[in-house]
Number of protein chains: 4
Amino acid sequence: MKIRYITTAAALLIAMNPATADDSITEAEITTAQEGWCNALVEISATNAKSGQAAAKALAESVIDSAYAYQMGPVLFKPTLTVNPQTFRTTREGALAYFVGGDPAYPNDTGFALNDWTACEDDNAAIFISGNTASTMGKVHFTDSKGNVTTVDKTWQFVKDDEGQLRIVVHHSSLEHTAD
Amino acid sequence: MKIRYITTAAALLIAMNPATADDSITEAEITTAQEGWCNALVEISATNAKSGQAAAKALAESVIDSAYAYQMGPVLFKPTLTVNPQTFRTTREGALAYFVGGDPAYPNDTGFALNDWTACEDDNAAIFISGNTASTMGKVHFTDSKGNVTTVDKTWQFVKDDEGQLRIVVHHSSLEHTAD
Amino acid sequence: MKIRYITTAAALLIAMNPATADDSITEAEITTAQEGWCNALVEISATNAKSGQAAAKALAESVIDSAYAYQMGPVLFKPTLTVNPQTFRTTREGALAYFVGGDPAYPNDTGFALNDWTACEDDNAAIFISGNTASTMGKVHFTDSKGNVTTVDKTWQFVKDDEGQLRIVVHHSSLEHTAD
Amino acid sequence: MKIRYITTAAALLIAMNPATADDSITEAEITTAQEGWCNALVEISATNAKSGQAAAKALAESVIDSAYAYQMGPVLFKPTLTVNPQTFRTTREGALAYFVGGDPAYPNDTGFALNDWTACEDDNAAIFISGNTASTMGKVHFTDSKGNVTTVDKTWQFVKDDEGQLRIVVHHSSLEHTAD
């Protein structure tokens, strides 16, 4: 067995401060992504009220392109109010129709983001982080311009893209169930 | 620069067949996990009909322990029929109460798995696989002993554990929304 | 408990063919990435022989930018022949100097890729795939224009980027140890 | 579109403190795993000196079983001093032979851990964390009972198992290259 010897002093000289790369998702990044989604929804409503549906649609396209992962592949999106047989919106077109309506291919869509939302708040029940993907489940409360609040049960799964931004790959939203 | 030379013949002799470890989830594993969940639900119903709630509860405990990831931490579980303020069942106890009822801490739970289910079928709309975690979204159809079918919108996220078995870390189920 | 009923026939009609996104790395992708690295090395040697070091350097820059992950952060690169205190090349500049030399900041680097390599072959001993990251370990055999073969022990770790391409995040190469 | 209204006050009441599961690896966990490996090496040396090879071997088995991932599949292990054709130790038996020798199937192994090591120190050059897997590259300095120091270039990749413990899936160690 051949091993080479250097002095301890020399060994200490080459101690280094490691460069670190970490693509794990943090809770702070999750909060930022959720707040970004909420703020975008309110902003689309405000744009619609001020400048009309065409402007709201243009904004919604920009929001979808930056917050969802449709450019990477299908997104697992079950919006709150879609109905059979168009329940799932795995394409960008289906998501856009849901948010701002006006697409004859989706005749039941009236535009969820056009409902005069003035506030949107997330209350996470639980978070699951596994490296560069993270999932959340909780309540989201939407307030409209009359002060009415709608609450949904919402699950999101995010992935971190190469630029370090979180993108939505799963989004399941449903009205609360009520006993009867 | 010092490099050592060996003959090409010697180099070829050490070509190897690589040993491979792969913890990525396949679509076949996803299908197996989904069918396992469906079959377990039907089996709990059958056990309840034949042997009563206590036997159904014992079976449900075994199913939860093998199919969900509660032993790893909180599970993001929003069952179909839970109501506020007990919507989310991030603990094993909450999941068990939902499936078989009989827990005074969850007074609204009557036991979803006790509804005489005789068939359960998955129709995936989309699948997202990211290494050792995978998510699915789609319809699940439950048939009871009278032939009635209930359909839910369901999102699952699985992780592969150290033994190579898929476990549920996210489960969001909701009745289909209907236009009105 | 309120559940809605639809007929079994209707349920079957909505069975879907799932859209699938999968970012897991396959063995075929690993093989392609390894062969790409080998081919690039031989091509840099050929370019140097034909067109000189400047042309080889330009090609090496292109190879580094497409095959390594320096644009994402530090790369854990221990080339075969680097010496203390410049053993590790966590920056793009350090990698480029190693492959083509000519950088006064790295005076010991004579350009590994300029050694008239005419063939390069990978023999994996083992592969570890964990979702969108995969590691390999094995022998790599380099043949020069005189037919001499140099063998190194090499470990690579790849990640799959947003475009689906593998990039090197870890690269540890060392001459074979010989008993004495 | 049917949405149900609740008051803002009620919405605020159900704000929750999320339960969080996170399997991402932290730098602190990496440091702990590296120090654990170093301490185990020194301890095996001490056990050998005090109680002989059989006791050292028993300890080494325990260390391998808790620090490496052989129970999950092949490990990509290239020890510092192995020679062809037994360079790579993808099995538990090969690792044990390297650390404590005495295995006729590995005649060149004299037992790296039996060299009277009294200290072992890690100096990371760079770290790459991707969720539940993390890689490190750097120098490791071994000091023996005579005060001589041996330095190696070492790459480790860890995964976090279901119990939250880091396990080694890749280990490439090589003597420093010297110019000549």
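Begin by selecting Arg89(B) and Asp109(B), whose side chains meet in a salt bridge at 2.6 Å from N to O. A salt bridge here is a side-chain nitrogen of Lys or Arg within 4 Å of a carboxyl oxygen of Asp or Glu. The pair joins distant parts of the chain, 20 residues apart: Arg89(B) is in the loop between strand S2 (76-78) and helix H4 (92-100) of chain B, and Asp109(B) is in the loop between H4 and strand S3 (117-130) of chain B. Helices (H or I, at least four residues) and strands (E, at least two) are DSSP runs, numbered from the N terminus.

This is a predicted model, in which local features need pLDDT of at least 70 and side-chain atom pairs count only at pLDDT 80 or more, whereas totals for chains, interfaces and linings use all residues. Residues are numbered from 1 along each chain as its sequence is written, chains are lettered from A and ligands numbered from 1 in the order in which they are written, and side-chain values use heavy atoms, with hydrogens and water left out.

Are the two partners in chain B buried or exposed? Arg89(B) is buried, with a relative accessible area of 1%, and Asp109(B) is buried as well, at 10%. Buried means under 20% relative accessible area, exposed over 50%, and partly exposed in between (1.4 Å probe, protein chains only).

Asp109(D) is buried, with a relative accessible area of 11%. Its side chain reaches the backbone nitrogen of Tyr98(D) at 3.1 Å. Leaving aside neighbours within four places in sequence, Asp109(D) is in contact (heavy atoms within 4.5 Å) with residues including Arg89(D), Gly94(D) and Ala97(D).

Now select Arg92(C) and Asp65(C), which form a salt bridge with the closest N and O atoms 2.8 Å apart. This pair also links distant parts of the chain, 27 residues apart: Arg92(C) is in helix H4 (residues 92-100) and Asp65(C) in helix H3 (residues 53-67) of chain C. Arg92(C) is partly exposed, at 24% relative accessible area, and Asp65(C) is partly exposed, at 33%.

In chain A, select Glu61(A), Asp65(A) and Arg92(A), which are linked in a network of salt bridges. Then find Asp161(A) and Arg167(A), a salt bridge with its closest N and O atoms 3.0 Å apart; both residues are buried. A search of the whole structure finds 28 salt bridges over all chains.

Finally, display chains A and B together. How many residues of each chain are in contact? In chain A 36 residues touch 36 residues of chain B. The two chains bury about 2900 Å² between them, 70% of it on carbon and sulfur atoms; buried area is the accessible area (1.4 Å probe) that two parts lose on being put together, summed over both. Across this interface the rule finds 0 salt bridges. On the side of chain A that touches chain B, the elements giving two or more residues are strands S2 (76-78), S3 (117-130), S4 (133-144), S5 (149-160) and S6 (166-175) of chain A.

Chain A can be laid on chain B with an RMSD of 0.0 Å by a turn of 180° and a shift of 0.0 Å along the axis, which is the relation of a two-fold axis. The copies are superposed by least squares on the C-alpha atoms of residues with pLDDT of at least 70 in both. To locate the axis, select Ser174(A), the residue of chain A that comes closest to the rotation axis, at 3.1 Å (C-alpha).

Terms used. Polar contact = N/O pair within 3.5 Å; in protein donor to acceptor, adjacent residues only side chain to side chain.
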